Amino acid sequence: MVERTRLKQRLDRERKARLKAEATRAKPTREWVQKQEELSLLLTITAAANEATAIEDVLQTVIDRICARTGWPIGHGYLVAPDGSGELASTAIWHLANPERFEVFRKVTERTRLGPGVGLPGRVLTSGQPAWVLDVTQEADWPQAKQAKASGLTAAFAFPVVSGTNVVGVLAFFADTAGEPDEHLVALMTRIGAQLGRVIERQQGREALQRSELYFRHLTDNALEFITVLNRDGTIRYESPYVELTLGYEPEDYLGKSAFDFVHPDDLAGVLAAFADCLHTPGNTPTLTFRFRHKDGSWRVLEGMGNNLLDDRVVAGVIFNARDMTERTQAEAALRESELRFRSLVQSSPNAIISADRKGNIVSWNRGAQDTFGYKEEEALGKPLALLMPERYRDAHQRGLEQFGATGESRVMGRTIELHGLRKDGSEFPLDLSLATWKTAEGIFFSGIIRDITERKAFEEHLAHQAFHDSLTNLPNRPLFMNRLEQALARMHRGHKPLAVLFLDLDHLKVVNDSLGHRVGDQLLTSVGERLQACLRPEDTVARFGGDEFVILLEEITDLIDAIRVAERIGERLQGPLTLEGYEVVTTASIGIVLSSSDYNRPDDLLRAADLAMYQAKNRGRARYEIFDPSLNERARQRLELGTDLRQAIERGEFRVYYQPVLALETGRISEVEALVRWEHQRRGLSLPGEFIPLAEETGLIVPIGQWVMEEACRQARVWQTRYPSDPPLVMCVNLSARQFQQPTLVEDISRVLFQTGLDPASLMLEITESMVMEDEQSTLATLRKLNGSGVQLAIDDFGVGYSSLSYLKHFPVDNLKIDRAFIDRLGQDQVDEAIVRAVISVAKTLGLIVTAEGVETADQLAHVRALKCDRAQGFYFSRPLSSGGISELLAVDPRW
């Protein structure tokens with residue numbers, strides 16, 4: 001047993017010795033293999049550095065080889081940021097064994113910059129030594145620790161890329177399995193880092209050299225001037241590309257040719273002499289200007305200088321730098337021509353054109369200035385500008401010069417201003433001045449264009465006068481009057497006495513114009529203006545508003561009595577006859593007066609109030625004055641409201657036709673009916689014609705109203721004739737307003753209505769007033785004849801209250817006279833009225849006219865008109881105006897009176 005144990009121990013010792021001997025023999029072999037692999041890796045890096053065109057390519061090759069050598073799945077390169085921050089910037093240099101698995105880690109890494117000492121790469125940047133981490137996910141200061149853990153990474157190591165003593169980059173590698181630090185690997189990476197640093201340094205040198213060469217080539221090829229290298233005999237060895245842009249030749253076209261063959265013959269001698277001097281004197285030559293031939297045969301002006309570098313072993317030639325001066329030469333010539341032209345224009349200008357230095361002393365003076373101010377050029381040059389301005393402007397002028405000198409600012413610079421100038425003879429004149437400045441090496445100068453505007457100012461004053469004065473009477477017009485009234489009210493509000501406004505309208509000016517002509521009418525207006533001015537104080541204002549309207553402003557009056565006295569004085573003065581073109585003319589005026597008050601203290605209010613008072617004077621008989629009553633305002637407002645309602649009434653169909661029967665006294669039966677319009681207002685109820693017809697006449701609405709009444713009455717007459725036939729047929733009487741009578745289409749409109757309704761023209765009687773007949777005799781006669789020719793009957797309504805005479809009746813083709821109710825009302829009481837009625841009936845019968853008595857209201861009156869042989873009678877005694885239904889009932893019973 002003991003022997004067996006000893007044998008076993010001996011065998012174990014022999015086995016261990018054998019294994020140790022084998023290990024000793026194998027160690028040199030493993031080291032040799034390892035060294036071969038390291039040598040291969042270093043050679044690969046060297047080859048990559050020699051072949052690569054960029055540093056990034058070298059780093060990519062190194063990372064790929066290291067990962068292949070170690071089997072680690074991730075390798076990444078950082079470079080120090082070029083912005084001087086000292087941080088590591090992530091690059092796009094990666095080795096990823098599984099790109100999809102490590103995508104998030106890659107993206108976060110590329111977005112993150114690491115400062116010195118931050119994370120594994122940052123510590124390597126700071127220390128300049130390789131570093132190994134057993135578990136990278138535990139790196140608290142590393143921004144990518146979270147993504148590294150999510151990607152399953154554990155161990156990591158990094159080493160610096162060192163150029164000289166500076167760390168220029170860091171290469172980092174990551175594993176997904178735990179691993180102990182490999183000292184041999186760390187030492188190898190240190191050597192690789194140092195080698196990469198030298199490679200990067202050499203690569204950066206090559207890149208810098210390439211950039212320098214490219215930069216030089218770029219400067220040469222893109223220089224904005226010629227760069228030419230000449231041999232000693234003047235042949236061209238090199239030409240920069242710029243030559244093609246200016247001279248049309250490509251650089252190759254010049255090579256081997258003599259530069260002197262392209263020089264202008266007139267400039268060749270000078271160029272050859274300069275080149276000879278250059279050959280004998282190394283260095284730069286003086287600048288030379290000459291002409292050089294373009295490819296198209298034209299000549300370009302060049303300016304250049306040579307540099308003798310014949311002794312330079314690299315250049316061995318003369319470098320000639322030149323630039324194209326053609327445009328500049330042409331511009332200079334054009335400038336000289338422009339200056340001559342400018343001087344010619346300045347001298348020939350009729351305006352004064354003057355220049356001065358910053359002290360205000362005159363330095364240039366043209367002929368226009370001499371003509372404007374009277375000074376010759378030698379008298380003005382060197383004198384201060386104050387010589388040309390009145391004394392009152394000189395202090396301000398001096399302050400302006402001082403302000404401009406201190407601040408460079410002026411409120412008049414760059415603008416045109418108006419002021420007065422002073423001539424040599426001491427007279428002043430209006431001018432406008434435009435000022436400007438310019439700066440030269442000698443300092444700042446002023447220039448001014450001065451125009452004499454004497455004629456323009458006179459014309460402007462004339463235009464201003466025309467704009468604010470009436471062209472006929474030369475009195476102030478409405479705008480000027482309103483301005484003066486506004487100013488007068490402002491003075492009154494500051495404590496002055498009250499004022500009054502008089503609105504004056506001449507009576508019957510139309511009669512003068514129609515009878516004597518508008519020229520006489522204009523002379524009348526001018527004379528009235530003169531008489532009005534004679535009635536006023538100098539501080540008062542009389543203005544013409546147009547037509548026959550004049551307005552007067554009385555300032556600083558004591559009370560209303562002062563205004564009334566002026567109105568009375570005007571009335572008396574206008575009563576005196578005027579002799580115009582051989583005619584004696586007398587005129588009167590209607591005057592409205594308003595006194596300023598707290599309620600009427602605005603120009604428009606006062607004017608409107610005086611206008612209302614003037615219309616009140618007209619309505620009360622003319623040739624008088626009326627004082628404004630506030631109730632007129634209310635009536636005017638009501639009148640305006642009534643006018644609005646009247647227009648709407650037409651659209652709404654609010655008008656009604658009532659009818660009043662007319663009796664034939666011979667039979668006692670109804671022979672005619674008169675159509676009378678009524679307005680059934682929405683609020684006021686039924687309105688009679690007197691309440692709205694005058695306003696309808698004034699506004700022109702009477703025309704559509706009258707047309708509607710005509711159509712309705714004719715239609716109704718035809719209905720009654722059919723329903724209640726008589727012999728002769730019932731006649732419809734319709735009143736024509738003055739406006740209707742003046743319509744040029746009156747006859748055609750009536751004929752159309754008769755045609756549309758089927759009414760016989762003989763069954764229509766048109767009634768016109770006596771005043772309408774006398775308004776325009778010739779025109780009225782022509783219209784009446786047309787109407788008469790159409791077959792309708794014509795009647796003169798309200799006869800006796802106008803100013804016509806019975807003799808006029810023989811001229812007008814009328815059929816009926818309707819005697820006004822004023823005469824019928826006094827029959828049996830007033831023998832004169834009865835005599836007038838009797839005379840009218842007698843003349844009418846002689847002329848073959850039918851006579852109708854209006855306003856018969858009693859049996860007594862009916863007996864009188866029958867006794868006087870009247871043909872017709874109309875009035876309340878028989879019937880008030882009735883609706884169409886009421887008349888129908890009367891016609892149905894056929895009453896007798």
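Trainee: What should I know before we start?

Mentor: This is a predicted model, in which local features need pLDDT of at least 70 and side-chain atom pairs count only at pLDDT 80 or more, while totals for chains, interfaces and linings use all residues. Residues are numbered from 1 along each chain as its sequence is written, and side-chain values use heavy atoms, with hydrogens and water left out.

Trainee: Why is Glu-654 called buried?

Mentor: Buried means under 20% relative accessible area, exposed over 50%, and partly exposed in between (1.4 Å probe, protein chains only). Glu-654 has 7% relative accessibility, so it counts as buried.

Trainee: Where is Glu-654 found, and what does it touch?

Mentor: Glu-654 is in the loop between helix H20 (630-652) and strand E24 (655-664). Helices (H or I, at least four residues) and strands (E, at least two) are DSSP runs, numbered from the N terminus. Leaving aside residues up to four places away in sequence, Glu-654 touches Ala-649, Arg-678, Trp-679, Glu-680, His-681 and Gln-682; contact means heavy atoms within 4.5 Å.

Trainee: What makes the pair Glu-654 and Trp-679 a polar contact?

Mentor: The term asks for a pair of N or O atoms within 3.5 Å; within protein, one must be able to donate a hydrogen and the other to accept it, and residues adjacent in sequence count only if both atoms are side-chain atoms. The side chains of Glu-654 and Trp-679 are joined at 2.9 Å, and this is a polar contact.

Trainee: Which backbone features stand out?

Mentor: Most residues other than glycine have a negative phi, and most peptide bonds are trans. Asp-798, in strand E29 (residues 793-799), has a positive phi of about 55 degrees. Asp-894, in the segment after helix H30 (884-893), has a positive phi of about 50 degrees. The peptide bond from Asp-727 to Pro-728 is cis, with omega near 0 degrees, and Pro-728 sits in the loop between helix H22 (702-723) and strand E27 (731-735).

Trainee: Why are Asp-798 and Asp-894 called partly exposed?

Mentor: Asp-798 has 27% relative accessibility, so it counts as partly exposed. Asp-894 has a relative accessible area of 28%, so partly exposed applies there too.

Trainee: What makes E14 an edge strand?

Mentor: Let's begin with the sheet: it is open, has five strands in the order E13-E12-E16-E15-E14, and its pairing is antiparallel. The edge strands are E13 (362-365) and E14 (416-422), as each pairs on one side only.

Trainee: How do you know that E14 and E15 pair?

Mentor: Two strands pair if DSSP finds at least two bridges between them. Seven bridges join E14 to E15 (residues 428-440), so the pair meets that definition. Within it, Ile-417 stands opposite Leu-433 in E15.

Trainee: Which helix lies across E14, E15 and E16?

Mentor: Helix H13 (residues 391-407) does, running at about 130 degrees to E14. Helix H14 (residues 454-467) packs on the sheet, touching E14, E15 and E16, and its direction makes about 125 degrees with that of E15. Axes are lines fitted to C-alpha atoms, for helices over the stretch in contact, and angles run from 0 to 180 degrees between N-to-C directions.

Trainee: How many disulfides are found?

Mentor: Zero, in a search of the whole structure; a disulfide is a pair of cysteine sulfur atoms within 2.5 Å. Cys-67 is buried, with a relative accessible area of 3%, and Cys-733 is buried at 0%.
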